[in-house]
Amino acid sequence: MKTIRLVAWNTLHGFAAKKVFYLFLFLIVIIAALQWQKVYNIFYAYANLQLFIEQVWLLSGTLGWWYFLTAITAIIFASGVLPKEQQDKSIAGVLAKPISRWTFVLGKWSGVLLFFCTIFVIGAGFILTAMIYWQFPILGFFYIGLLHYLLLLVTFTTLSYMLSIVLPRILAGGLAFSLFYFHTYFLRFADGEGALRQLIVSALYYVTPVHLNIYPLWEGSLQDSLHLSVPFLWATIGINGCYGALLLLFAVILYQKKDIAVGQP
Amino acid sequence: MSENPVVRIQNLTKSYRRGMFRKEVEAVDELSFKISKGSVVGLIGPNGAGKSTTIYCILGMLIPDAGSIEILGEPPQSKKARSRLGFQSEIFHTYEFLKPRAALRFYGRLANMSGTRLEKEIDHQLDRMGLMSAVDQRVGSFSKGMKQRLGIAQALLHDPELLILDEPFTGLDPQGRKLIRDLIFEEKNKGKTIFFSSHILSDIERLCDEVVMIREGKKVLSGDLQDLKAASNRWAITIRGGQELLDKTILDGRWNVTMRDREQGTGIMCTDQDKDELLSRLLESPVEIVDVKRQTRTLEELYMKLEQESS
């Protein structure tokens, strides 16, 4: 545990030292401002629709966009965190110490997740604060959405991280991003004709974490959960949790016997 | 020297797949050698000879295709073995956002150090490496030499029995090189075992008791440096006269003439083993022996000779 904590803290420190992320945090202010401008106008124009509009815009717009941005960045950085250590040779100094490879893999993973989950929660906290300030009613939907997005962030980051152990960085990030971004299309195309097409698309659909979509109220699993199908929500959380844990297990196993060719990507 | 070697490598073989067509490249081929306790051993060879591959196999970062490696009686992946070794890679790369004290604290904790012992050792190593004046700078702003010294500091932090250095003199100015040389001497005097690779043969010659020379992944030679040099020593004999008999009768195709000069005479080169035979032949012949000199080969000359022979 001590090694995992040390490596995780070091990774977190490394990300926090990158100035680009402070600019990234500023983006949430811009996103929120753009969305709320619309919310605010509609809120007063159509009082009877206020709840729906507020939730749609705030959840699908602000929080959804914030999740989308954080997840993409997390996928990109998670696919590079191990290859970069190998390429810039800093891994050699660490793995020459009396530590197990699995603690290193878990430590790096924890550091990446901790950083991006913190970023996401800070953004969500900002949205929440603004909602309180504008005296918008905060329903359970917001927290469910937050929880679900957080879980998906963890799952997709883990997916990208795991793929980077077996694939070149660019391919790992690209594949994880494709699964993240095009997931809903897979389902749509799976209904089309052609057995092979259905097979490929269905396979892609089932290897992707259960996804909420950018508009969680209109389609996707959150819609079901909001219609009081609570078991479905927990099932979704459970599936994603197991999926993430399985990916992490693969990452640890694959890294145990991997050649660490220092200096090469 | 102890009976049990600190490092024992037997028939180590490692190949890579490289390029678009994943062509197999043999980096190390059936390499075997031992490192005795308390010795300083240098690993030499041209670029791409397999020096770094050998070192990373010893550290357990590369998994050998065949053969075995033992470090202090343990397999390379063993935490016990790695807790007793210190490693510094060619141009030490660490986390550039850290300051030297924080970097050493990180490596020290990974090596199971903590508390006052760690803090004292950090101060000692920073002082020893002349980095005290740079404790407030981030490692990212360090020069190559400073990074290298920090790398050595982290390798020595937990007082390891075995020190493995991959090209420790790369990128260092003469002062930096002297500092590392002195440090290797100090550690040797403390009874530590040191194994390092280098291109700088004069440093290897000055520091090492033993050398292992590899080329294209294969061992070209290994052993005690003084013995190797002695075995390759030559005698330069200068004679005058007897030219008509020299090539056919005296030298008989066994020795080469290295110089033919009317004023200076004729130079013949021979080894330690056949010096006496050649001299007795010369003494029996109508030639005047002008000079007999022992020529000691430097490691660089020995290296170049072996390089020429193998290519």
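## A buried arginine

Let's start with Arg181(B), which counts as buried because its relative accessibility is 12%. (Buried means under 20% relative accessible area, exposed means over 50%, and partly exposed is in between, worked out with a 1.4 Å probe on protein chains only.) Arg181(B) is part of helix 6 of chain B. Helices here are DSSP runs of H or I with at least four residues, strands are runs of E with at least two, and both are numbered from the N terminus.

What does Arg181(B) contact, leaving aside its neighbours within four places in sequence? Its partners are Phe169(B), Asp203(B), Arg206(B) and Leu207(B). Contact here means heavy atoms within 4.5 Å.

## What you're looking at

This is a predicted model, in which local features need pLDDT of at least 70 and side-chain atom pairs count only at pLDDT 80 or more, while totals for chains, interfaces and linings use all residues. Residues are numbered from 1 along each chain as its sequence is written, chains are lettered from A and ligands numbered from 1 in the order in which they are written, and side-chain values use heavy atoms, with hydrogens and water left out.

Now for chain B as a whole. The chain has eleven helices and 13 strands. Of its 311 residues, 51% are buried. If you take the contacts in chain B between residues at least 6 apart in sequence, 67% of them link residues at least 24 apart.

## The six-stranded sheet

Chain B has an open sheet of six strands, in the order 5-6-7-3-8-9, with mixed pairing. The edges belong to strand 5 (85-88) and strand 9 (218-224) of chain B; each has a single partner strand, so one side of each has no neighbour in the sheet. On average, neighbouring strands of this sheet are turned by 15° against each other, direction ignored. As for what holds a sheet together, strands pair through backbone hydrogen bonds, either parallel or antiparallel. Two strands count as paired if DSSP finds at least two bridges between them.

Is strand 7 of chain B mostly covered or uncovered? Mostly covered: five of its five residues are buried. Thr193(B), Phe195(B) and Ser197(B) lie on one side and Ile194(B) and Phe196(B) on the other.

## The three-stranded sheet

Chain B also has an open sheet of three strands, ordered 2-1-4, with antiparallel pairing. From one strand to the next, the twist averages 30°.

Strand 1 (residues 7-18) of chain B joins strand 4 of chain B over five antiparallel bridges, with Ile9(B) opposite Ile69(B). Helix 1 (residues 51-58) of chain B lies across strand 1, strand 2 and strand 4 of chain B, at about 115° to strand 1.

## Where helices cross

Over in chain A, the axes of helix 1 (residues 2-16) and helix 5 (residues 101-133) of chain A come within 7 Å and cross at roughly 40°. That makes these two helices of chain A oblique to each other. (Angles under 35 degrees are roughly parallel, over 145 roughly antiparallel, 65 to 115 roughly perpendicular, and the rest oblique.) The residues in this contact comprise 13 nonpolar, six polar and one charged. Ala, Val, Leu, Ile, Met, Phe, Trp, Tyr, Cys and Pro count as nonpolar, Asp, Glu, Lys and Arg as charged, and the others, Gly among them, as polar.

Helix 1 of chain A also meets chain B: its axis and that of helix 3 (residues 100-110) of chain B come within 10 Å and cross at roughly 160°. So helix 1 of chain A is roughly antiparallel to helix 3 of chain B. Lys2(A), Thr3(A), Leu6(A), Val7(A) and Asn10(A) make the contact from helix 1 of chain A, and Phe106(B), Arg109(B) and Leu110(B) from helix 3 of chain B. By class, that is four nonpolar, two polar and two charged residues.

Notes
Axes are lines fitted to C-alpha atoms, for helices over the stretch in contact, and angles run from 0 to 180 degrees between N-to-C directions.
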